[in-house]
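Please examine the sequence and the model shown below. The paragraphs that follow lead through the salt bridges, the interface, the nonpolar cores and selected local sites.

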Amino acid sequence: MSVRHALLALLSEGPKYGLQLREEFEARTGEVWPLNVGQVYTTLQRLERDGLVESDGSADEGPQKGFRITAAGEEELAGWLRTPPDLSSPPRDELVIKVLVAARLPGVDVHEVIQTHRRYLVQLMQQWTRIKEEDDGHDVALGLAVDAELFRLDSVTRWLDAADGRLLRAAAEGPPPPAATPPLPPLRRRTGMRHSARHG
Amino acid sequence: MSMLQLHDVVKVYGEGPTEVRALRGVNLSVDAGAMVAVMGPSGSGKSTLLTIAGSLEEPTSGEVLIDGAPLRQMSRSEKSRLRRRTVGYVFQDFNLLAGLTAAENVALPLELDGVAARKARAAGMRVLKDLGLGDRASRFPDQLSGGERQRVAIARAVVGDRRLLLADEPSGALDSANGDAVMRMVHAACARGVAAVVVTHDAQLASWADRVVFLRDGRVSDQTAPADPESLLTPGP
């Protein structure tokens with residue numbers, strides 16, 4: 001979540017005070033992402049340093065200090081809205097790795113491992129759905145934010161279902177010839193590459 | 001108060017080499033006002049569980065109690081009266097009659113049970129209004145959206161004094177917003193004291209339930225702990 005661009009978006013509606021920005025940010029994201037006041041001011045200072053917002057210099061630092069967006073800020077916001085987030089490279093998914101490891105480890109029931117994660121995910125989804133339900137469908141921002149979380153968690157449970165089925169079929173067909181076993185080293189190499197790329 | 005109880009329910013189809021053990025000792029209890037979702041892969045016994053809970057099929061062994069009454073001790077006519085008066089079913093494909101309005105569809109189970117037409121219509125209107133569909137009462141099924149049709153089907157399933165709602169993938173063919181509307185309605189029915197069992201493979205649908213039971217190879221293999229919505233809104237460690 002880009003707090004920086006969310007603040008620019010709020011300021012593109014007109015000048016606002018720091019405290020007001022924090023309240024509006026939380027309201028617009030359905031209060032799903034709580035924001036501390038320090039985060040708001042640090043971000044505003046950086047935006048000002050980069051020439052994307054201006055403050056009325058007269059007031060002291062604090063909740064009553066006013067901010068407005070600059071032309072450069074408007075441009076930055078327009079560019080950000082249309083820039084696709086990085087979804088192209090697969091994330092280093094801890095759950096995938098756990099299931100891959102469980103599938104190969106002797107004495108471990110991979111289906112039991114899968115069910116443990118499935119139960120946890122469904123419980124999380126129950127909690128999000130309860131929030132959506134209690135709102136009664138009136139808060140559109142909350143509905144959007146909760147749906148995003150539900151669809152994300154849902155996709156993970158679907159992958160677990162698919163993995164469960166694939167492993168059952170594989171077991172029913174008997175042990176594959178050694179050459180057909182998916183090799184683990186490429187996975188390590190790939191995650192290693194990403195790891196070093198992130199720090200490099 | 002438990003509205004539905006399954007004790008060690010076993011269901012075997014066929015015998016010898018073609019024998020299929022659909023349920024292998026299922027225990028389940030659903031209280032009045034509660035919604036339980038049953039999840040599991042195809043072939044896990046979900047639909048068999050629902051038909052046995054609704055007395056549409058008999059278990060090979062084990063006991064089913066609806067509102068405290070054991071089905072095994074009921075005569076055929078007692079069971080069909082139970083199905084007409086106490087149990088409501090909802091399927092994925094609505095099953096509304098095209099020639100009847102929403103209100104007439106909802107009133108139909110009562111009329112079939114011998115309730116006078118006027119009284120049945122009044123009860124039908126009442127449940128449609130209760131569940132937020134009062135303004136759709138005089139429309140025919142083809143004048144309703146898919147989501148509205150399914151909500152009418154739920155109203156029909158809980159009309160009168162029906163206290164056990166059994167649903168098989170009730171929002172399976174609907175988009176997310178309509179699926180939400182359907183599940184809100186199941187919740188509204190539960191708030192009136194109805195016990196609901198929803199069978200599904202869809203985690204989003206199941207997440208509306210108070211409790212999610214996982215079925216595997218004809219057995220309850222796992223279930224969720226009670227939900228705590230507060231834990232999501234407080235920042236984690």
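With which residue does K132(A) form a salt bridge? The partner of K132(A) is D180(B), and the closest N and O atoms of the two are 2.9 Å apart. A salt bridge here is a side-chain nitrogen of Lys or Arg within 4 Å of a carboxyl oxygen of Asp or Glu. The pair crosses between chains, running from helix 6 of chain A, where K132(A) lies, to helix 6 of chain B, where D180(B) lies. Helices (H or I, at least four residues) and strands (E, at least two) are DSSP runs, numbered from the N terminus. Both K132(A) and D180(B) are buried; the term buried means under 20% relative accessible area, exposed means over 50%, and partly exposed lies in between (1.4 Å probe, protein chains only).

The model is predicted, so that local features need pLDDT of at least 70 and side-chain atom pairs count only at pLDDT 80 or more, whereas totals for chains, interfaces and linings use all residues. Residues are numbered from 1 along each chain as its sequence is written, chains are lettered from A and ligands numbered from 1 in the order in which they are written, and side-chain values use heavy atoms, with hydrogens and water left out.

The interface provides the setting of this pair. In chain B, 28 residues are in contact with 29 residues of chain A, contact being defined as heavy atoms within 4.5 Å. The two chains bury about 2400 Å² between them, 55% of it on carbon and sulfur atoms; buried area is the accessible area (1.4 Å probe) that two parts lose on being put together, summed over both. Three salt bridges are counted between chain B and chain A. Across the interface, 13 residue pairs, both residues at pLDDT 80 or more, are in polar contact, that is, they have a pair of N or O atoms within 3.5 Å; within protein, one atom must be able to donate a hydrogen and the other to accept it, and residues adjacent in sequence count only if both atoms are side-chain atoms. On the side of chain B that touches chain A, the elements giving two or more residues are helix 6, helix 7 (203-206), strand 9 (211-216), strand 10 (219-223) and helix 8 (230-233) of chain B. The residues of that side divide into twelve nonpolar, eight polar and eight charged. In this division Ala, Val, Leu, Ile, Met, Phe, Trp, Tyr, Cys and Pro count as nonpolar, Asp, Glu, Lys and Arg as charged, and the others, Gly among them, as polar.

Over all chains, the structure holds 26 salt bridges. Side chains of opposite charge can pair when their charged atoms come close. Within chain A, E54(A) and R68(A) form such a bridge, with the closest N and O atoms 3.3 Å apart. E54(A) belongs to strand 2 (residues 53-55) and R68(A) to strand 3 (residues 66-69) of chain A, so the bridge ties together parts that are 14 residues apart in sequence. Both ends are partly exposed: E54(A) has a relative accessible area of 39%, and R68(A) has 34% relative accessibility. Within chain B, the side chains of K79(B) and E58(B) meet in a salt bridge (2.8 Å, N to O). K79(B) lies in helix 2 (residues 76-85) and E58(B) in the loop between helix 1 (46-53) and strand 4 (61-66) of chain B, so this pair ties together parts that are 21 residues apart in sequence. Here K79(B) is buried at 10% relative accessibility, whereas E58(B) is exposed at 51%. Salt bridges that share partners also join R118(A), D161(A), D164(A) and R216(B) into one network.

The nonpolar cores come next. The largest has 62 residues, of which M35(B), L165(B), M183(B), V186(B) and V212(B) touch the most other members. A nonpolar core is a set of buried Ala, Val, Leu, Ile, Met, Phe, Trp, Tyr and Cys residues joined through side-chain atoms within 4.5 Å. Helix 6 (residues 110-135) of chain A supplies the largest share of this core, nine residues. Apart from this core lies another, of 29 residues, among them V9(B), V30(B), I66(B) and L164(B).

Two serines of chain B complete the account. S171(B), in the loop between strand 7 (164-168) and helix 6 (176-191) of chain B, is buried, with a relative accessible area of 8%. S61(B) lies in strand 4 of chain B and is partly exposed, at 35%.
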